[in-house]
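Colleague: I would like to go through this model with you. Could you show it first?

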Amino acid sequence: MLTPLMKPREWEFMKPYLKQDMVMLEYGSGQSTEIFAKLVKTLYSIEHHKRWYEQVQPSLVFHMNVHYIHIPPNDNNFLPYGPSKPEWFKDYIDWPKKQSQMFDVVFIDGRARQYVAESIIDNITSDSLVFLHDYTNGWPEDYPAKKRPRYDRVLEFYDIVDAVHTLALLKKK
């Protein structure tokens, strides 16, 4: 059985929230994209990495409810991993601002996550669910989570509803 590349307990936490009548936005594609496509009405999936986009695309051919969008970095000198500068991914970050579509659920697991979380604010309602993956660095079960400091700005716009391991469920303030 195909599962997203996240901890099993994170997926078990997230899965019940996904409904057949929902419009979903996903930042950062992969195995999750094909799975989400089967669970929601419409899926918009944004990917910055051209070769990864081309690798995932064939798995989505029969999912007519998926809008799979490649948005390349604005600066080819970006760091491939770790914290992102917003200018490296400006078009990627700003994509929602150019859309009138509202989203019931958003999964942020791509680049520039804190900036994406801010960018989607006008495309979600107070009932929308926002899942931010890797919100923490992970921790053993018996220790408190250590939030990544770069995500402090997210709490200006969202309240944390719940979290499991590194996956945080947020709602718009």
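Colleague: Which helices each supply at least two residues of the lining of the largest pocket?

Modeller: This is a predicted model, in which local features need pLDDT of at least 70 and side-chain atom pairs count only at pLDDT 80 or more, while totals for chains, interfaces and linings use all residues. Residues are numbered from 1 along each chain as its sequence is written, and side-chain values use heavy atoms, with hydrogens and water left out. Helices (H or I, at least four residues) and strands (E, at least two) are DSSP runs numbered from the N terminus. The helices that each give at least two lining residues are H2 and H5 (113-119).

Colleague: Which residues are the closest to the centre of the largest pocket?

Modeller: On a 1 Å grid over the protein atoms alone, a pocket is an open set of points where a 1.4 Å probe fits, with protein on both sides within 12 Å along at least five of seven lines; lining residues have an atom within 4 Å of a point. By class, the lining has 12 nonpolar, 12 polar and seven charged residues. Of the 31 lining residues, the closest to the centre are Tyr 81, Asp 109, Gly 110, Arg 111 and Arg 113.

Colleague: Which residues of helix H2 are buried?

Modeller: Buried means under 20% relative accessible area, with a 1.4 Å probe and protein chains only. The buried residues of H2 pack against helix H1 (8-14) and strands E1 (23-27), E2 (42-47), E3 and E4, where contact means heavy atoms within 4.5 Å. In H2 (residues 31-39), the buried residues are Ser 32, Thr 33, Glu 34, Ile 35, Phe 36 and Ala 37.

Colleague: Which strands stand at the edges of the sheet?

Modeller: Two strands pair if DSSP finds at least two bridges between them. Seven strands form an open, mixed sheet in the order E3-E2-E1-E4-E5-E7-E6. A strand with a single partner has one side left without a neighbour in the sheet, so the edges are E3 (66-70) and E6 (158-164).

Colleague: Which residue in E5 stands opposite Phe 107?

Modeller: Strands E4 (residues 103-108) and E5 (residues 124-132) run parallel and are joined by five bridges. Opposite Phe 107 stands Phe 131.

Colleague: What is the phi of His 165?

Modeller: Most residues other than glycine have a negative phi. His 165 lies in the loop between E6 and E7, and is buried, with a relative accessible area of 12%. Although His 165 is not a glycine, its phi is positive, at about 50 degrees.

Notes
Buried < 20%, exposed > 50% of the residue type's maximum accessible area, 1.4 Å probe, protein only. Nonpolar A, V, L, I, M, F, W, Y, C, P; charged D, E, K, R; others polar.
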